[in-house]
Amino acid sequence: MELKNVMTATGVARSGMTVREGFRECLRCEVPGIPYVDESGKVVGRFSIRETLRRACIPDVMVKYADLLGDAPGCLVVSAEHAPQLLDLPLLPFIKYEVARITPNCAVATAVALMERHTTNYLFVIDHQNRYVGVVTVWAIARRMLELKL
Amino acid sequence: MGDRQAHARAEALKSGMLEQTSTTLTGPMIVSGLILVVAYALIFAEVMHRMHAAIIGAVAMVGIGLYGGFYTQEQAIQAIDANTMLLLAGMMMMVALLRHTGGFEYLAIRIAKRTASRPRHLLLSLALVVSVISMFLDNVTTVIIFAPLTVLICRMVGLNPMPYLMTEAMMSNIGGIATLVGDPPNIMIGSAAGIDFNRFLVHMGPMVAIIWCATVILILARFRRELATPATFTGVVGLDETRAITDPRGLKRGLAGMAVIIALFFVHHHLHIYPSFATFIGLALVLFLSRPDPDTLLKNVEWTVLLFFAALFVIVGGVENSGLLALIGHSLASVASDPDLLLISCLLLMWVAALLSAIIDNIPFTVTMIPIVLSLETSGVNVTPMWWALALGVGLGGNGSHIGATANIICVSESERCGIPGSRITPGLWLRHGFPIMLAGLVVASLLFTLFFGFLS
């Protein structure tokens, strides 16, 4: 199994895009996140659905005590009416500038180890010229394993 | 200096076995005083971590003391009050054992569910619980646990967390004054003065209770606008306390250990054991029952705090050995030894201690004042009321500014982190509310001190 067989090509997030555009690209490619590139096209961060929801809707203190939350979180709940407001926001404030990456020639086992090391389900494949190639997700690896077995 | 050493020194001086104190400034006094001032300046200026500054100062003091012939390495080691150090370490380990069990969170949620429908009742309940816990456990840990939960509860029910956070910080400071073990300064004072747990509680407890009530009344008055029920108020705390306790057995064992410790505190004087030994008896019981991982347990001991204290003791020990603190004490003795002026001296000490503690760390101040008060004792001054005045001053002073106590800094950080408009505790806000509350506490303390001066003497 080679990395190129489990990789998904996606679009990238750029300055000026909205959260809505970022979400759409993630859902179209069925990936949790896409890379964020600067003006020169270099990958400098990532845009993820989970990170965006966490920063926009979930207070840190709610995360800390998530195990204690009952059925009715009261005023902590972000109502559905606010969802469109979030989607129209620029995605720049939700970018995380830590990028877990891997080069195209690495083994799939290396990819899994890196995911474990960075506590993530996906990695960006970036070549030696610092060009973005695609995303490797843990689900794609599992899917490929099932295909091989068949 | 341990209480045994302090009393031995006092007896030796009285019997003339030690040299009389120099009445003029000597070279060692000047040098040791300079090292003290520079070390304290580094600590208060926060150009580096206070532990680093204290250790550098301690090394300089011992080095120069050895060269100057006024401070030996043995004296430096003896200057470290082992009772204080071990008591702090023991209690830190007990708190570490209790903290992960979820017991504190359970308590906070239960209280919130009972009282959240009325904002003022919620404030009173949290203030009371935090104060009582702070009487036996470290203020900082108490606030570290309660502050984020308070923010969560306030957000859930639609309240502004600001007055609750400020109240918790101030009440933990006040609660800690009531007992021998409630505050590091109290531990040091009790150790140096030979004051046992019961005596401390009997003398400070009633005063602290009255100051507590007066402070709460003032807080309710000053924050009446913030405590009014807002339009978004739901009064419903959507937390499940049954999920809070993650280690029921550990909690029972930890509470059993704490019960043993507190029971031993009440009788330690009769058993002729140090409070630190009492703490380790309870700790040993919990270690036997729970067998926690040592690395995990020791990771939760604040070694930076312990080393900071040890280094301070060494620094002040050097200054004491040079004779400078005794010189200061003797120069004050002429005033303090007059029975008519003793009350005023005590009140002055209380107020100076409080005002200084509002702006600088009260630990270095306490460590420095202890030998001065002990030297007053060797001059024949009745220093018993001075110990109470010092404890009250350094304790109440912590409420005066946002940096007056570590508990304040934690609550300020939580208020900034919660990101709710109008809930951020700025330095100006603390000064507007906390400083008058501190002053009111000091006025009440001064009145009570004057009223019961005979009992306190």
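Chain A holds an open sheet of 4 strands, in the order E1-E6-E5-E4, and the pairing within that sheet is mixed. Strand E1 (7–8) and E4 of chain A stand at the edges with a single partner strand each, so one side of each has no neighbour in the sheet. When I say that two strands pair, I mean that DSSP finds at least two bridges between them, and the helices (H or I, at least four residues) and strands (E, at least two) are themselves DSSP runs, numbered from the N terminus.

Before going further, please keep in mind that this is a predicted model, in which local features need pLDDT of at least 70 and side-chain atom pairs count only at pLDDT 80 or more, whereas totals for chains, interfaces and linings use all residues. Residues are numbered from 1 along each chain as its sequence is written, chains are lettered from A and ligands numbered from 1 in the order in which they are written, and side-chain values use heavy atoms, with hydrogens and water left out.

Let me stay with strand E5, residues 122–126 of chain A, where 5 of its 5 residues are buried, buried meaning under 20% relative accessible area, exposed over 50%, and partly exposed in between, with a 1.4 Å probe and protein chains only. Which residues cover the two faces of E5(A)? On one side we find Tyr122(A), Phe124(A) and Ile126(A), and on the other Leu123(A) and Val125(A), and all of them are buried.

Turning to the partners of this strand, E5(A) runs parallel to strand E4 (residues 101–102) of chain A, to which 2 bridges join it, and Ile102(A) stands opposite Val125(A) in E5(A). Between E4(A) and E5(A) the chain passes through helix H5 (residues 108–117) of chain A, in a β-α-β crossover that is right-handed; that is, with the strands pointing away from the viewer, the path from the first strand over the helix to the second runs clockwise.

E5(A) and E6(A) form a hairpin with 5 residues between them, and Asn130(A), in the loop between E5 and E6 of chain A, has a phi near 65°, a positive value in a residue other than glycine. Asn130(A) is partly exposed, at a relative accessible area of 26%.

Thr119(A), in the loop between H5 and E5 of chain A, also has a positive phi, near 50°. Is Thr119(A) buried or exposed? With a relative accessible area of 70%, Thr119(A) is exposed.

Stepping back to chain A as a whole, there are 6 helices and 6 strands, and read along the sequence they follow the pattern β-α-β-β-α-α-α-β-α-β-β-α. The C-alpha trace of chain A spans about 50 × 40 × 25 Å along its principal axes, and 39% of the 150 residues count as buried. Among contacts in chain A (heavy atoms within 4.5 Å) between residues at least 6 apart in sequence, 56% join residues at least 24 apart.

Cys154(B) lies in helix H8 (residues 139–157) of chain B and, at 0% relative accessibility, counts as buried. Not counting residues up to four places away in sequence, Cys154(B) touches Leu159(B), Asn160(B), Pro161(B) and Tyr164(B), while the C-alpha atoms of Cys154(B) and Ile43(B), which are 111 residues apart along the chain, are separated by 36 Å.

Thr384(B), which is found in helix H19 (residues 384–397) of chain B, is buried with a relative accessible area of 19%. Leaving aside neighbours within four places in sequence, what is Thr384(B) in contact with? The residues are Arg199(B), Leu456(B) and Ser457(B).
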